[in-house]
Amino acid sequence: MKWVTWEKVGIDRIACAWLIRKRIDPHAEFLFIKRGEDYKGLDAIPFDIPGANLSHKRGKCSFSTILKEYGIEDKFLEQIAKIVNGADTLSDLLPPPESAGVDLVCRGLTKTLHDDARALEIGGVIFDAIYTQLAEGG
């Protein structure tokens with residue numbers, strides 16, 4: 001299945017792609033379009049694009065929306081959603097302390113690699129590590 005999002009990925013799109021490959025579509029192929037470009041003619045599921053079903057909703061990040069839309073229940077994924085929300089959305093609540101660090105790493109990946117597909121690949125390893133650490137008591 002093909003999935004589409006805006007180019008120059010950040011924490012939410014990297015986390016979403018990781019989640020999609022881990023829990024929804026292990027063979028997912030990701031397409032990237034320019035910010036503001038129309039995705040409706042593409043044969044792909046849009047995510048983290050304003051107006052798409054799998055995007056920010058009710059002040060929460062697209063990662064949270066995907067968890068809800070696909071009925072995925074996992075306490076460690078919920079913790080990751082809080083980390084991503086803390087970095088990618090505005091809230092009156094204090095973000096988890098990990099939010100700033102994970103966001104910094106994700107922004108650095110995009111700037112260093114200059115390749116969104118590669119950023120999703122390396123970012124996936126980072127989110128694997130975060131999930132493992134949380135699951136083992138971190």
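**A walk through the model**

Colleague: What is included in the cover over the buried residues of α2?

Modeller: First, the terms: helices (H or I, at least four residues) and strands (E, at least two) are DSSP runs numbered from the N terminus. Buried means under 20% relative accessible area, exposed means over 50%, and partly exposed is in between (1.4 Å probe, protein chains only). The cover over the buried residues of α2 includes α1 and α3.

Colleague: Good start! What pLDDT do local features need here?

Modeller: Residues are numbered from 1 along each chain as its sequence is written, and side-chain values use heavy atoms, with hydrogens and water left out. This is a predicted model, where totals for chains, interfaces and linings use all residues, side-chain atom pairs count only at pLDDT 80 or more, and local features need a pLDDT of at least 70.

Colleague: How many of the residues of α2 are buried?

Modeller: The buried ones are S62, F63, S64, T65, I66 and L67. Helix α2 is largely enclosed by the rest of the structure, because the buried share of its 8 residues is 6.

Colleague: And which residue just after α2 takes a positive phi?

Modeller: Look just past the end of the helix, where phi is about 60 degrees. The residue there is G71.

Colleague: Now for charges. How many salt bridges are there?

Modeller: Side chains of opposite charge can pair when their charged atoms come close. A salt bridge is counted when a side-chain nitrogen of Lys or Arg is within 4 Å of a carboxyl oxygen of Asp or Glu. By that rule, the number of salt bridges is 7.

Colleague: How many residues apart in sequence are the parts tied together by D74 and R23?

Modeller: These two side chains meet in a salt bridge, with N to O at 2.7 Å. D74 sits in the loop between α2 (62-69) and α3, while R23 is in helix α1 (residues 11-24), so the pair ties together parts whose separation in sequence is 51 residues.

Colleague: Which residue forms a salt bridge with K57?

Modeller: The closest N and O atoms of this pair are 3.5 Å apart. K57 lies in the loop between β3 (45-46) and α2, and its partner lies in helix α2, so the pair ties together parts 12 residues apart in sequence. K57 is partly exposed at 24% relative accessible area, and its partner is E69.

Colleague: In which helix do R107 and D103 both lie?

Modeller: They form a salt bridge with the closest N and O atoms 3.2 Å apart. They are 4 residues apart, about one turn of the helix. R107 is partly exposed at 41% and D103 is buried at 15%; both lie in α4 (residues 98-113).

Colleague: Last one: leaving aside neighbours within four places in sequence, which residues are in contact with I122?

Modeller: I122 lies in helix α5 (residues 116-135) and is partly exposed, with a relative accessible area of 26%. Contact means heavy atoms within 4.5 Å. With those sequence neighbours left aside, the contacts of I122 are L109 and L113.
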